[in-house]
Amino acid sequence: MLAFNQAHLYNCWASNIASADMQADTEYSDERIPFGYLITFRSYGTWLHGRGGSVDRLHNTYGNPKLPADEERKQYNRRLLKQPPVKLTAAQRAAILAAVKETCEIRKWELWASNIRSNHVHTVVSANCKPDPILNALKANATPKMREAGCWTSDRSPWVYRGSKRYLWREKDLDNAIAYVLYEQGDPLP
């Protein structure tokens, strides 16, 4: 029964997010503010084009299929890396979570859910602004928090450029995104 409920939650979330994805960034205004955003960003070098299921800038349109696996492209992209891929440790994940909570508290954003995995960070946040400043602040504040904790010593960023910012226009979308972040990311990490 639990597996069915999780699958059902994911299917509801995916269909609701798909409808929200169709909303353009330009539809945000002071009169039309979404319930929240699902913000996702990846650690550097852990999701290379060539891996099955990726999306590149030429195929990043709603409804387009994801790219098939291409080992040659993946190896090419691996050679372009300027540092080794960043797999987040338990200490790094704890520092990132502290930074996410602190950033939301200082900026008076509502943090509904956060799940830091070994290669990406999911957060569901409500704020009276577009999602770009949220994404930028979360990434920017996580790096010094890791340095402060002594678990990031590189001068380079641990993050890929950009990230995903999904608008959650309805309360139902917000609920489904929270369930996705909290319950659909696999087993808890140590």
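Trainee: How much of the protein counts as buried?

Mentor: Before the number, some ground rules: this is a predicted model, where local features need pLDDT of at least 70 and side-chain atom pairs count only at pLDDT 80 or more, while totals for chains, interfaces and linings use all residues. Numbering runs from 1 along each chain as its sequence is written, and side-chain values use heavy atoms, with hydrogens and water left out. Buried means under 20% relative accessible area, exposed is over 50%, and partly exposed is in between, using a 1.4 Å probe and protein chains only. By that cut-off, the buried share of the 190 residues is 39%.

Trainee: And what pattern does the protein follow along the sequence?

Mentor: Helices (H or I, at least four residues) and strands (E, at least two) are DSSP runs, numbered from the N terminus. There are five helices and four strands here. Read along the sequence, they give α-β-α-α-β-β-α-β-α.

Trainee: Which strands stand at the edges of the sheet?

Mentor: Two strands pair if DSSP finds at least two bridges between them. The sheet is open, with four strands in the order 2-3-1-4 and antiparallel pairing. An edge strand has a single partner, so one side of it is left without a neighbour in the sheet; that describes strand 2 and strand 4 (164-168).

Trainee: Inside the sheet, which residue is the bridge partner of Ile 39 in strand 3?

Mentor: Strand 1 (residues 36-42) pairs with strand 3 (residues 120-126) in the antiparallel sense, over six bridges. For Ile 39, the partner in strand 3 is Thr 123.

Trainee: Which helix lies across strand 1, strand 2, strand 3 and strand 4?

Mentor: Angles here run from 0 to 180 degrees between N-to-C directions, with axes as lines fitted to C-alpha atoms, for helices over the stretch in contact. Helix 4 (residues 131-148) lies across strand 1, strand 3 and strand 4, at about 40° to strand 1. The one you want spans residues 171-183 and runs at about 30° to strand 2: helix 5.

Trainee: Is Ile 116 buried or exposed?

Mentor: Ile 116 sits in strand 2 (residues 110-116). Leaving aside neighbours within four places in sequence, its contacts (heavy atoms within 4.5 Å) are Leu 88, Arg 93, Ile 96, Leu 97, Val 121 and Leu 189. Its relative accessible area is 9%, so Ile 116 is buried.

Trainee: What about Gln 92: which residue's backbone nitrogen lies 2.8 Å from a polar atom of its side chain?

Mentor: Gln 92 is in helix 3 (residues 90-107), and it counts as buried because its relative accessibility is 6%. A polar contact is a pair of N or O atoms within 3.5 Å; within protein, one must be able to donate a hydrogen and the other to accept it, and residues adjacent in sequence count only if both atoms are side-chain atoms. The 2.8 Å backbone nitrogen belongs to Thr 89.

Trainee: And for Gln 185, which residue's backbone oxygen lies 3.3 Å from a polar atom of the side chain?

Mentor: Gln 185 is in the segment after helix 5. At 12% relative accessibility, Gln 185 counts as buried. Leaving aside neighbours within four places in sequence, it is in contact with Asn 115, Arg 117, His 120, His 122 and Tyr 180. The backbone oxygen in question is that of Tyr 180.

Trainee: On to the rings: why is the pair of Tyr 37 and Tyr 167 called edge-to-face?

Mentor: Rings of Phe, Tyr and Trp (its six-membered ring) pair if their centres lie within 6.5 Å; planes under 30 degrees apart count as stacked, over 60 as edge-to-face and the rest as tilted. The count by this rule is three aromatic pairs. For Tyr 37 and Tyr 167 the centres are 5.2 Å apart, and the pair is edge-to-face because its planes stand at 80°.

Trainee: Which residue joins Tyr 37 and Tyr 167 in a cluster?

Mentor: Ring pairs make the links in this cluster. Alongside Tyr 37 and Tyr 167, the member is Trp 169.
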